[in-house]
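Trainee: Could we go through this structure together, one question at a time?

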Amino acid sequence: AWKKFQAHGFRDKDEFERDTVRHVETTLARSMFNCDETAAYAATSLAFRDRLITQWNRTQQRQTFSDTKRIYYLSLEFLMGRALDNAMLNVGAKAIAKDGLADLGFRIEDIIAQEHDAALGNGGLGRLAACFLDSMASLNFPAWGYGLRYRYGIFKQEIVDGYQVEVPDYWLDFNPWEFPRHDIVVDIQFYGNVRKYQNDQGKNVVTWEGGEIVKAVAYDVPIPGFDTPSTNNLRLWSSKAASGEFDFQKFNSGDYESSVADQQRAETISAVLYPNDNLERGKELRLKQQYFWVAASLYDIVRRFKKSKRAWSEFPEQVAIQLNDTHPTLAIVELQRILIDLEGLEWDEAWKIVTKTFGYTNHTVLPEALEKWSVPLFQNLLPRHLQIIYEINLFFLQLVEKKFPKEREILGRVSIIEESQPKMVRMAYLAIVGSHKVNGVAELHSDLIKTTIFKDFVRIFGPDKFTNVTNGITPRRWLHQANPRLSELIASKTGGIGFLKDLTLLNELENFADDKEFKKEWAEIKYANKVRLAKHIKTTTGVTVNPAALFDIQVKRIHEYKRQQMNIFGVIHRYLTIKNMSAEERKKLAPRVSIFGGKAAPGYWMAKTIIHLVNSVGSVVNNDKDVGDLLKVIFLEDYNVSKAEMIIPASDISEHISTAGTEASGTSNMKFVLNGGLIIGTCDGANIEITREIGESNIFLFGNLAEDVEDLRHAHNYGDHSMDPDLVKVFEAIKSNMFGDAGSFGALVGAIEDHGDYYLVSDDFHSYIQTQELVDEAYKNQDEWISKCIQSVARMGFFSSDRCINEYAESIWNIEPLQPESKN
Ligand code: 26V
């Protein structure tokens, strides 16, 4: 297999070196004598990029000629991480590059590390989109990603005196992975007025006139498939002033400042990624971003369809559009507008096409994350779209009324327009009404949306409109790239690298779960990965950790529902317990390193307080000579995709401990298990399916169930709850100023003690602590522990994003892969 696809990379290392040196000397205009690592990174990337672009062109041509259905994945976030390592592995030429770079005097790891992460996403939702791109290309689907080319991705996090500080992420300084398409430019209209009149033929015509125009410029990013020449496209739109550099009329009349201001206002649209996840704030600029991106993408999609000269009724046979959450919901309205206002179709005919085209994926049930836009804001920015939304709603409510004539109350509940002050457009409802399928991202989550937030819609449209597609991850990045030694060991026992294309082949490993020699190698690899992380901890925090200790990791966005606060309270409990232990008892304890990482949204005070508490506990515990190696507490700065690739393979146990029913799926849980770590978790999201696959004895589950959450919350609110006694002791320690001024943690403690403990930390604390003790015990038996890890990895085949994409293709998109050319 490797031999076959080297054809898409380099024939040999000489060819690679020749190309790389040529780029240093010509493209970069430098001499090899002063070629530093930055230049070597640039030249290596350009050499690989040349290969990708040849394949990219061929793939696009093949798609055009075959004229089959395409899938368009619309996502405001693509959390891609680094591209070079991935490109080298996917075209099968990393070994060649390694040798070639060594000849030129470089270590490949150092060159890879030069690259800045492409961090155009917040967390799980954006990384899922990136894994999907990898799978769609690897499975040869004719697929396009559409997104925004933010000038600033998610901020960089610095920790200063224990507090998070946000620093802008200037990632476009040098980006060899994008191709500006200055010839692909779309005019996007905002504001203005709607005019209705009869034309000369007596036909009713609606036009949207005036307002302002901003240009959308396409930037293309090649997406290489693994072990296939298929190279797909991610098209990102960048905003530019319509008048070019600046308005010359204003400039010449002496109004220089305002001509520049116009330009800046246009460029602001794609300037920055909104750094909230799971919190909707209703800012006009965010709605502008959404429409700008959706309108440009649809223009592009429709233009491509029109070239085929087919009838409009065939549009859904040629085009499937998947909405990654509600962020692109305006696409439904925009397509309806194009069809009725610009192409002259009748409403019903157009609406049939629209609903057959779209699928909507929901990623959260948290009410504060559900998008709503104020009607006045909409009216001003997108007047024609608001009219169309009202029309969609009218027809929809008529259907509901006909179906449930005796239930007047249902109309208000399901209306796309919320009758509040001001009125609001409910984007999730619009997405449901305008799509033919709605899916959740794990079984529990898909059940929950059907029985809670969308239950009326299940009655209206029937249960078949709602389905589940459990999330997955790409084993290329999350095993082969992040953990090359483990990947190699697995390949040696499963008959080569085939498992990277069919992850169910991992089940061959079951035969080695008790193999002494295999287990020894397995343990050595885990240890080496822990040594690598320990070095990173030393250089970034100055703290020395023992790689033989149990590494306990929780890395993800900081959010109360993910309960990092419960984790740090558990750490404090452990610290207090150690302090009270005799020397004899201490000897029996497994040393532990508690590692946290993750960004807090800049305006999310409680999340920032959690980060501060972790750091404060760390500075006390890590400097307590009495405790030594028994406990260390680390906060890793600036968690991102490339750091995840180093952190995840070094885990013994990772924490996925959200309040039951709140984490839609989680995807890092899958990454940790695939890398030979065990997990402690609640019965939430994909943890449940992971348990079903790997077996209950291989996971540490604890806590209340989703079905009991409502009653428990009720009990808190009616004073029918007594605080967990261990948690009370933890709070007493905090209040005694053991970790610095207790006042700074007051809100965190207060939310649990005095304000209803919405996320049920107190209710789950006891079983959490107990389960952590089971983890301690289990870890002491290394032999059994390693067998559990191997058995778990063997059973993780289901969680490949390839399986997930195949499910979307079959049950939602109705699309087939396009076989690539057999050679070259
Ligand atoms: C919502 C919002 C609201 C407006 C401001 C910006 C913004 C940005 C992102 C979001 C999406 C929130 C939903 C989300 O990220 N869900 C996560 O999706 C993962 C992939 O399906 C899943 O594994 C996580 O459990 C889920 O929290």
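Trainee: Which residues does K288 touch, not counting residues up to four places away in sequence?
Mentor: Good place to start! This is a predicted model, where local features need pLDDT of at least 70, side-chain atom pairs count only at pLDDT 80 or more, and totals for chains, interfaces and linings use all residues. Residues are numbered from 1 along each chain as its sequence is written. Two residues are in contact if their C-beta atoms, placed from the backbone, lie within 7 Å. By that test, the partners of K288 are F190, I269 and L381.

Trainee: Is K288 buried or exposed, or partly exposed?
Mentor: Count the other C-beta atoms within 10 Å, with C-beta atoms placed from the backbone: 20 or more means buried, 12 or fewer means exposed, and in between means partly exposed. K288 has 19 of them, so K288 is partly exposed.

Trainee: And how many C-beta neighbours does K671 have inside 10 Å?
Mentor: UniProt, in an unreviewed entry, places "modified residue: N6-(pyridoxal phosphate)lysine" at K671; its positions use the numbering here, feature names are shortened, and annotations may be inferred rather than shown by experiment. K671 counts as buried because its number of C-beta neighbours inside 10 Å is 30.

Trainee: Which helix holds K671?
Mentor: Helices are DSSP runs (H or I, at least four residues), numbered from the N terminus. Residues 668–674 form the one that holds K671, and that is helix α27.

Trainee: Leaving aside neighbours within four places in sequence, which residues is K671 in contact with?
Mentor: We apply the contact test again, this time to K671. The partners are I473, W478 and I648.

Key:
Helices (H or I, at least four residues) and strands (E, at least two) are DSSP runs, numbered from the N terminus.
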